[in-house]
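Notebook open, model loaded. I'm jotting things down as I look them up.

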Amino acid sequence: MQRSGQVSATSLPIGSDADLAWVRQEVRQCAAGLGFGLVQQTKLVTAASELARNTLVHGGGGRVEITPLDNGRSRGLRMSFIDDGPGIRDLELAMTDGYTTGGGLGLGLSGAKRLVHEFSVDTEPGRGTTVTAVAWVTQVPASRPGL
Amino acid sequence: MSQPLPAHSAQVPVLALGDVLLVSLQGELHDGMAEQLQQDITQRISTDRMTGVVIDISGVDMVDSFLGRVLAEIASTARLLAARTVLAGMRPAVAITLVELGLTLPGLVTALDVDRAMELLNQRGS
């Protein structure tokens, strides 16, 4: 499987819990191919699982686009989780640890954000939600806000 | 110690070792399977008078907040039915990721492997 720095995005549907397993496997394979270490792979797969479940549970299903990145110094992986669901009314509240409307632990968004290097949410009530997470293959420890 | 007995209904095999249930999770676990497992374990504790549960996750390469919650709920439910649960064999990368995710599972007793988990249950049991 050739996954070089060139942009070759993979798009997967998110419509069932079996799809979540596919998303995890695809992210794992892609991250391993890009040279992510085991801990970073695990963090990426876990973040993908949280975000894909949000897309399924809160967005009513959607898709994920997985794109290999190369900025000249490092390789990376971008994952965009896209749904046409109801959107997030209060993003700041949704990003708070422990806040949940889905009966979970409320760690999906805030937890996933801590597992990657770059994180953004594009949402509007009634217009769906796109959550984008980026991680870079790195030897340097990530900054730890709050410590 | 009696021979391990295979379970009837579970998609994840649940074995009985004496009065301890041994559950080995492997690879990809769908959400529905995790919830089914929770029901199977709870039922087996009650009908077969089990006093302990060991959940071996050495074959699991990812624990997200959903699976973490299911594991914590299995332990809580078992406790209400007078059985103790030990989570065995968590991989280091999974432990690092769980802490960063913010899911430290404070109520769960852990052991490095199944042998130590069984020891733990036997020590405190008799």
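In E3(A), which residue is the bridge partner of Thr67(A)? I looked, and the partner is Arg78(A).

**Ground rules.** I'm working from a predicted model, where local features need pLDDT of at least 70, side-chain atom pairs count only at pLDDT 80 or more, and totals for chains, interfaces and linings use all residues. Residues are numbered from 1 along each chain as its sequence is written, and chains are lettered from A and ligands numbered from 1 in the order in which they are written.

**Chain A, overall.** I get 4 helices and 5 strands in chain A. For the record, helices (H or I, at least four residues) and strands (E, at least two) are DSSP runs, numbered from the N terminus. Along the sequence I read the pattern β-α-α-β-β-α-α-β-β. Chain A has 147 residues, and 39% of them count as buried. Buried takes 20 or more other C-beta atoms within 10 Å of the residue's own, exposed takes 12 or fewer, and partly exposed is in between, with C-beta atoms placed from the backbone. I also checked contacts in chain A between residues at least 6 apart in sequence: 63% of them join residues at least 24 apart. A contact here is two residues whose C-beta atoms, placed from the backbone, lie within 7 Å.

**Chain A, the sheet.** The 5 strands make an open antiparallel sheet in the order E1-E2-E3-E5-E4. Two strands pair if DSSP finds at least two bridges between them. E1 and E4 (118-123) of chain A are the edge strands, each pairing on one side only. From one strand to the next the twist averages 15°.

I then went strand by strand. E1 (residues 10-14) and E2 (residues 62-70) of chain A pair antiparallel over 5 bridges. Across that pair, Ser11(A) has Glu65(A) as its bridge partner, and Thr10(A) has Ile66(A). E2(A) also pairs antiparallel with E3 (residues 75-83) of chain A, over 9 bridges. Their hairpin has 4 residues between the strands, and Gly72(A) there takes a positive phi near 95°.

Next came the helices on this sheet. H1 (residues 17-34) of chain A lies across E1, E2 and E3 of chain A, at about 160° to E1(A). H2 (residues 38-57) of chain A lies across E1, E2, E3 and E5 (129-136) of chain A, at about 10° to E3(A). Axes are lines fitted to C-alpha atoms, for helices over the stretch in contact, and angles run from 0 to 180 degrees between N-to-C directions.

**Chain B, the sheet.** Chain B has an open sheet of 5 strands too, in the order E1-E2-E3-E4-E5, with mixed pairing. Its edge strands, each pairing on one side only, are E1 (14-17) and E5 (109-111) of chain B. Neighbouring strands are turned by 25° against each other on average, direction ignored. E1(B) and E2 (residues 20-26) of chain B pair antiparallel over 4 bridges, with Leu22(B) as the bridge partner of Leu15(B). H1(B) packs on the sheet, touching E1, E2 and E3 (52-59) of chain B, and makes about 165° with E2(B). H2(B) lies across E3 and E4 (84-88) of chain B, at about 155° to E4(B).

**The core.** Which residues touch the most other members of the largest nonpolar core? Val53(B) and Ile55(B) do, out of 68 residues. H2(A) gives the largest share, 7 residues. Such a core is a set of buried Ala, Val, Leu, Ile, Met, Phe, Trp, Tyr and Cys residues joined through C-beta atoms within 7 Å. Leaving out residues up to four places away in sequence, Ile55(B) touches Val23(B), Leu25(B), Leu71(B), Ile74(B), Thr85(B), Leu87(B) and Ala88(B).

**Where the chains meet.** The contact takes 18 residues from chain B and 22 residues from chain A. On the chain B side, H3(B) gives the most, with 6 residues.

I followed that helix across. The axes of H4 (residues 108-115) of chain A and H3(B) come within 8 Å and cross at roughly 125°. H4(A) and H3(B) are therefore oblique to each other, since angles under 35 degrees count as roughly parallel, over 145 as roughly antiparallel, 65 to 115 as roughly perpendicular and the rest as oblique. Gly111(A), Arg114(A) and Leu115(A) in H4(A) meet Thr97(B), Glu100(B) and Leu101(B) in H3(B).
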